[in-house]
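Have the structure open while you read.

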Amino acid sequence: YLRPLSLALPVIASCSLSLLFLRLGRYHLAANITALGATVTILAGITVQHIGTPTLGFSSMVHMSAAVIVFSSLFCGILTTSIVVGILFSASVALFFFLRSMGMVEPPVVITGLVDNSIGIFITFAVAVLITRLSRDALNEVKRESDKSRERYLSIRGLLESVSSVSHDLA
């Protein structure tokens, strides 16, 4: 019962808290709680995994980490995303030292796990942040263009009204 419970409690707690803050209109806080709750869930899962299958820690962590990093970069600020990445990388390093000290896994496998997981974490972080920034910049550019179009429209409408007024006066 420990394994499912250790994974369910952080998710239930963070989702409940997030829903509460969403209801109160605190969108960013709710998103941050969800991202950090998912990070805690990954850490809890990796910790409990050592009881049954300690050699699968890195392989499980690398896939779940990407999802949390992408979620965080889309819905949270850069600070929260950086904190999530820092926690996941620190956990990866801690897992490396733990597995190495226990001698349960061959050293080359542990080193490969650390390197692969670290590369995965940082590449996902870089790409997610880049995509988010490019999307934000594109949205700002569209907004600027929309504002320019609106100004031009109002200017043309004003000219048309003036021409109509002059035409009406001459007629």
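Helices here are DSSP runs of H or I with at least four residues, numbered from the N terminus. Leu74 lies in helix 3. This is a predicted model, where local features need pLDDT of at least 70, side-chain atom pairs count only at pLDDT 80 or more, and totals for chains, interfaces and linings use all residues. Residues are numbered from 1 along each chain as its sequence is written, and side-chain values use heavy atoms, with hydrogens and water left out.

Leu74 is also part of a nonpolar surface patch of about 560 Å², together with Leu19, Leu22, Tyr27, Val70 and Phe75. Helix 1 (2–23) and helix 3 (57–75) are the elements that each give two or more residues to this patch. Helix 3 has the largest share, with three residues. To qualify for a patch, a residue needs over 30% relative accessible area and no salt bridge, and nonpolar side chains (Val, Leu, Ile, Met, Phe, Trp, Tyr) are joined within 5 Å. A salt bridge means a side-chain nitrogen of Lys or Arg within 4 Å of a carboxyl oxygen of Asp or Glu. The areas are Shrake-Rupley values with a 1.4 Å probe.

Now the cysteines. A disulfide is a pair of cysteine sulfur atoms within 2.5 Å, and by that rule the count is zero. Cys15 is in no disulfide, and the nearest cysteine sulfur, that of Cys76, is 13 Å away.

How exposed are these residues? Buried means under 20% relative accessible area, exposed over 50%, and partly exposed in between (1.4 Å probe, protein chains only).

| Residue | Relative accessible area | Class |
|---|---|---|
| Cys15 | 36% | partly exposed |
| Cys76 | 10% | buried |
| Leu74 | 53% | exposed |

Notes. Patches are made of residues with over 30% relative accessible area and no salt bridge: like charges are joined within 9 Å, nonpolar side chains (Val, Leu, Ile, Met, Phe, Trp, Tyr) within 5 Å.
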